[in-house]
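Trainee: I have a model open and want to learn to read it. Where should I begin?

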Amino acid sequence: MELVCPAGNLPSLKAAVDNGADAVYTGFRDDTNARHFAGLNFTPKKLAEGIRYAKSKGKRVFIALNTYPRPDGFERWQRAVDQAADLDVDALICADIGVLDYAARHQPTLNLHLSVQGSATNYEALRFYHEHFGIKRAVLPRVLSMAQVQHVIEHSPVELEVFGFGSLCVMVEGRCILSSYATGQSPNTFGACSPASHVEWIETDHGLDTRLGGVLIQRHPKGENVGYPTLCKGTYKAGGNTYHAIEDPTSLNTMELLPALVEAGVSALKIEGRQRSPVYVQQVTRVWREALDAYTRDPAGFAPRPEWTAELAKVSEGAQTTLGPYSRPWQ
Amino acid sequence: MSDFNPRLSLGPIPYYWPLEQVDAFYAMVAASPVDIVYLGETVCSKRNLVRYEDWLAIAARLREAGKEVVLSTLALLEAESELKRLRAICGQPDYLVEANDMGAVQLLRGRPFVVGHSINIYNDRTLALLAADGCTRWVLPVELTRETLADMQQRRPEGIETEVFAYGRLPLAYSARCFTARARHLGKDDCRDACVDYPDGLVVDTQDDNRFLALNGIQTQSARTMNLLPDFADLRELRVDVMRISPQSEHMDEVIDVFEQVRSGAMEPAASAELLKPLMPTGPCNGYWHGAAGMDALNAA
């Protein structure tokens, strides 16, 4: 099982390669990818340098081009496809049908992966993308239970990549517009969820309020750790209760499912976090490399080691982790 | 140009209503000026108070009443049982089908079909490819703006109809998790039909009492109702073929009536805003259309 790690910049890319990633995924420095944050991502020149580094160590590099262009911006996505081909990347990760169509027709030698933002949760959808664009791999949205993942793999025409660790999207990726409902900008259109430009931190008599697009997301008492106001992790009132109506601030961690994922035939395991620091990339990559190697040496005796779990909890949102949708009770 | 007028459609019921309520609702619809009716369960396959056979019976009655009937499909497909139902819908010969997931598109390729708003058609290249596969009508994704629609209309392939979600609580997200069950401290597998108790969804307020979202099982909707009727002149000028009204549990006949009055020229579009407002569960919004935050209520909304 390939370990696919995030890189928002060159130091992160090197950290991933040096600590055991089999592949690294990146993006260009604009809204053509779903981690469009200030100061993040690569110019074509920096990416060329990163690709040289990774290839010198025998590792692969992917580029995410996984937002949805409107007609007036489509040429920018075309140019990004052509640049990716010029850079000789190992795969281009796309979501939009128009972009996939352009890439398949104009750059037929490029390996295409269907992004998680493409929202393909079933094998009939995968067949569509395979038959039209010859995709080699798809990344599954974080909605399927372990049994459902296995079922999709059994019928899928392409290899599958799943999320193993990192911030947890609770909604089907590519089909969530909560962010633009509050701010006008969504992952699909702008490449960012709950964009920082729309965040407000407001001191009150009781502590600190966080708002997104003016909407109160979280009310922190004095002294409480303050998290980033992501819409789906806020505290709201519903049915007479005040609670995390959608999801707690928590991260996905599938370490205990590692044997099940391998046995189900998952081809690649993805670590979320292109927006995180090189230190995060280094720590998480190293832990997962150790875990995968331990599993390979002794599949039957595999169990997550306490020090791995502790290390991963340190870099998790709210210092909590969950199996998320892989586990039915979570649903 | 002046003789062009959009048709009216009624989207699928997004909520979980008992069969008697659904039957009564479509008896009202049969006698209404709505031209096109989308039918079927699009949110959760566990909702079984209205069975597939019941939907087909309703479809036959509506067709008899002169309506164009389209069968809508599930937006989030996870289990094989869901694909099995999908194959039955896509394979039936009697009605046009609305695909709400690419899995449905795959099954419908080669015959005419509608693409619903939960499939991301954000540019003309995407639309052209789906048109070549058989798509004859597409629904603008709800977060896109009037400007993007104008670009799309200029470039749309010959013979393709455009439909716009013009009224209703906005579909904002889908999840593996059932938020209605969660609100009742139940898991999805043991939801005890919790959605039946919320015929327009369960409203989520912020801690400072802003009615923000509506939980509808695995779907999250806006609490506010998107309303584009005051922008009717735009819709007509852009030659939008179909205006979609998304069902709500109360005042639906009155809402349809206001749409019909504006469409027929009996009422000024701007005058409709104040009439529709008290008919909405929470209040209006139209920000997406104007390139703002979706929840914003701008101009005449």
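Mentor: We will go through cores, cysteines, helices, strands and backbone angles in turn. Keep in mind that this is a predicted model.

Trainee: Start with the core. Which residues of the largest nonpolar core touch the most other members?

Mentor: The general idea comes first. In soluble globular proteins, nonpolar side chains tend to be buried together. Here the largest nonpolar core holds 205 residues. Those touching the most other members are Y129(A), W288(A), Y26(B), L39(B), L130(B) and F259(B). Helix α10 of chain A, residues 278-297, gives the most to this core, with nine residues. There is also a second, separate core of eight residues. Among them are A23(A), F62(A), A64(A) and A91(A).

Trainee: Are C5(A) and C191(B) buried or exposed?

Mentor: C5(A) counts as buried because its relative accessibility is 0%. C191(B) counts as buried too, at 14%. The cut-off for buried is under 20%.

Trainee: How do I read a helix? Which residues of α1 in chain A are buried?

Mentor: An α-helix has 3.6 residues a turn, so residues three or four places apart point the same way. Helix α1 of chain A covers residues 10-18. Its buried residues include L10(A), S12(A), L13(A), A15(A), A16(A) and V17(A). Among the elements that cover them are β1 (2-6), β2 (23-27), α2 (44-56) and α10 of chain A.

Trainee: What happens at the two ends of α1(A)?

Mentor: At the start, a side-chain oxygen of N9(A) comes within 2.9 Å of the backbone nitrogen of S12(A). Just after the helix, G20(A) has a positive phi of about 115°.

Trainee: Where does R127(A) sit, and what does R127(A) contact?

Mentor: R127(A) is in helix α5 of chain A, residues 123-133. R127(A) counts as partly exposed because its relative accessibility is 28%. Ignore neighbours within four places in sequence, and its contacts are H155(A), P157(A) and Q106(B).

Trainee: On to strands. How is β3 of chain B paired?

Mentor: In a regular strand the side chains alternate between the two faces of the sheet. β3(B) spans residues 68-72, and four of its five residues are buried. Four bridges join β3(B) to β2(B), residues 36-39, and the two run parallel. L39(B) stands opposite L71(B). β3(B) also pairs in the parallel sense with β4(B), residues 96-99, over three bridges. There, S72(B) has E98(B) as its bridge partner.

Trainee: Which side chains make polar contacts with the side chain of N216(B)?

Mentor: One partner is the side chain of R47(B), at 2.9 Å. Another is the side chain of Q219(B), at 2.8 Å. N216(B) lies in strand β9 of chain B, residues 211-216. N216(B) counts as buried, with 2% relative accessibility.

Trainee: Last item: phi. Where do S194(A) and H251(B) sit, and what are their phi values?

Mentor: Most residues other than glycine have a negative phi, and most peptide bonds are trans. S194(A) has a positive phi, near 50°. S194(A) is in the loop between α8 (187-190) and β8 (199-203) of chain A, and counts as buried at 1% relative accessibility. H251(B) also has a positive phi, near 65°. H251(B) is in the loop between β11 (242-245) and α9 (252-263) of chain B. H251(B) is partly exposed, with a relative accessible area of 31%.

How values were computed
Residues numbered from 1 in each chain as written. Chains lettered and ligands numbered in written order. Predicted model: local features only at pLDDT ≥ 70, side-chain atom pairs only at ≥ 80, totals over all residues. Heavy atoms only, no water. Core = buried A, V, L, I, M, F, W, Y, C linked by side-chain atoms within 4.5 Å. Buried < 20%, exposed > 50% of the residue type's maximum accessible area, 1.4 Å probe, protein only. Contact = heavy atoms within 4.5 Å. Polar contact = N/O pair within 3.5 Å; in protein donor to acceptor, adjacent residues only side chain to side chain. Pairing = 2+ DSSP bridges.
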